[in-house]
Amino acid sequence: MAVLGCSGSIGTQTLDVCRQHADKLDVVAISVFNSTEFAAKAAREFGVSHVAVANAAHRDDAALEGLPKGCSLGFGEDAVTALAQLPEVDCVVNALVGAAGIGAGYAALKAGKVLAYANKESIVVGGDLLMPLVRPGQLIPVDSEHSAIYQCLVGERGADVHCIWLTCSGGPFYGRTRQELAGVRAADALAHPTWNMGAKITIDSASLMNKGLEVIEAHHLFDVPIDSVRVVVQRQSRIHSMVEFADGVVKAQLGPSDMRIPIQYALSYPERWETPSPRVAYDQEPPVTFGEADEKTFGCLALAKRAGRVGGTLPCVMNAANEVANEAFRHDRCGFLDIERVVAQVMDASEVLPVESLDQLAEVDARARAAAREALAKVVR
């Protein structure tokens with residue numbers, strides 16, 4: 001296995017699964033962005049043979065002297081991508097954050113590796129390029145919702161799918177008005193009610209942009225129209241998603257709110273291994289409830305759906321603008337509702353073209369980021 005982004009939320013939980021199933025999983029390669037001390041410690045624990053540090057500014061970190069003897073070390077995004085192509089790697093876990101993960105995912109698929117991925121942005125941005133490369137059983141989603149859908153579809157015919165019910169916790173601001181959202185701060189948004197995630201994804205969850213990205217992701221993964229992916233709020237995060245079939249039957253996947261379970265499923269597929277999480281006593285659980293996702297209050301969800309319907313390079317534009325605005329909000333350089341405003345402004349001003357290559361997407365991404373920064377410079381705080 002190669003674990004890309006091993007020091008992040010998904011990466012550390014992936015290593016925990018590997019720790020619990022050391023007889024089945026052999027970690028031979030890892031990458032980090034900045035966390036060289038973590039990389040050295042993990043490399044020693046798992047006997048890793050290859051390490052890549054995406055941020056080359058950490059080339060001289062003393063922590064890297066603690067790597068195992070004979071362990072190869074590379075720097076920069078190309079070094080991370082190279083790990084996905086190593087001949088001894090069978091499975092690549094892509095836990096990189098943001099559009100930066102698309103190159104590694106593309107390389108893994110081209111090299112014929114099994115890709116267990118939590119990097120939804122790469123599918124959102126480059127699904128038109130990635131999905132034609134996928135063979136049956138080669139791409140296994142790690143996102144809890146898409147893992148749930150994947151499991152519900154095992155043994156089913158795609159032609160029988162009526163719609164997908166993509167569940168949503170609603171985030172920390174569920175039920176608030178736009179007036180109330182105008183005054184929230186990053187610390188408020190980072191208080192997710194059920195899931196332990198990285199900062200970027202947690203902010204996206206608060207704005208419902210994360211759910212919008214997941215709608216586009218499901219559209220590509222399961223070959224269904226955008227409007228056949230319906231978002232439903234499920235506050236208890238017990239039902240991780242559902243599939244409704246032509247005959248009215250609905251299959252749902254339930255389980256603990258523990259990301260190690262979908263991670264483990266992606267690594268064990270088509271087998272199921274012993275659970276890494278305490279089991280749920282369903283006879284003692286509170287009632288499961290459903291609610292409507294409010295696209296008028298949380299406009300990022302509507303923007304993502306629009307980008308998915310239009311297709312082409314617009315999802316790339318939308319994702320790039322969101323990443324810039326999300327980071328600005330986390331650092332108190334804009335308000336919560338400014339995320340939506342900036343994304344909408346950049347989308348409205350962008351030309352939409354068919355997706356042709358990774359180089360083209362990189363150019364579109366760069367232009368959208370520049371436009372988002374320009375829009376943020378005009379935000380009054």
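Is aspartate 204 buried or exposed? In this predicted model, aspartate 204 is buried, its relative accessible area being 1%. The legends below begin with this residue.

**Figure 1. Aspartate 204 and lysine 200 form a salt bridge within helix H9.** The closest N and O atoms of the two side chains are 2.6 Å apart. Both residues belong to helix H9 (residues 199-207), where a spacing of 4 residues places them about one turn of the helix apart. Lysine 200 is buried, with a relative accessible area of 9%, and aspartate 204 is buried at 1%.

**Figure 2. Aspartate 338 and arginine 341 meet in a salt bridge in helix H14.** The N to O distance is 2.7 Å. Aspartate 338 counts as buried at 11% relative accessibility, whereas arginine 341 is partly exposed, with a relative accessible area of 47%.

**Figure 3. A salt bridge between lysine 251 and glutamate 156 links distant parts of the chain.** The closest N and O atoms of this pair lie 3.2 Å apart. Lysine 251 is in strand S11 (residues 250-254), and glutamate 156 is in the loop between helix H6 (144-152) and S8; the two are 95 residues apart. Lysine 251 is partly exposed, with a relative accessible area of 27%, and glutamate 156 also counts as partly exposed, at 33% relative accessibility.

**Figure 4. Five charged side chains are linked in a network of salt bridges.** The members of the network are Asp16, Arg19, Glu45, Asp258 and Arg260. A search of the whole structure finds 22 salt bridges. Side chains of opposite charge can pair when their charged atoms come close.

**Figure 5. Phenylalanine 173 and phenylalanine 336 form an edge-to-face aromatic pair.** The ring centres are 5.3 Å apart, with 85 degrees between the planes. This pair joins distant parts of the chain: phenylalanine 173 lies in the loop between strand S8 (161-168) and helix H7 (178-181), and phenylalanine 336 lies in helix H14 (residues 336-348), 163 residues away. Phenylalanine 173 counts as buried at 1% relative accessibility, and phenylalanine 336 is buried with a relative accessible area of 4%.

**Figure 6. Three tyrosines form one aromatic cluster, and a lysine lies over a tryptophan ring.** The cluster consists of Tyr150, Tyr265 and Tyr269. A search of the whole structure finds 4 aromatic pairs. Lysine 24 is positioned over the face of tryptophan 273, at 5.2 Å from the ring centre.

Definitions and conventions:
Residues numbered from 1 in each chain as written. Predicted model: local features only at pLDDT ≥ 70, side-chain atom pairs only at ≥ 80, totals over all residues. Heavy atoms only, no water. Phe/Tyr/Trp six-rings, centres within 6.5 Å; stacked < 30°, edge-to-face > 60°. Buried < 20%, exposed > 50% of the residue type's maximum accessible area, 1.4 Å probe, protein only. Lys NZ or Arg CZ within 6 Å of the ring centre and 35° of its normal. Salt bridge = Lys/Arg side-chain N within 4 Å of Asp/Glu carboxyl O.
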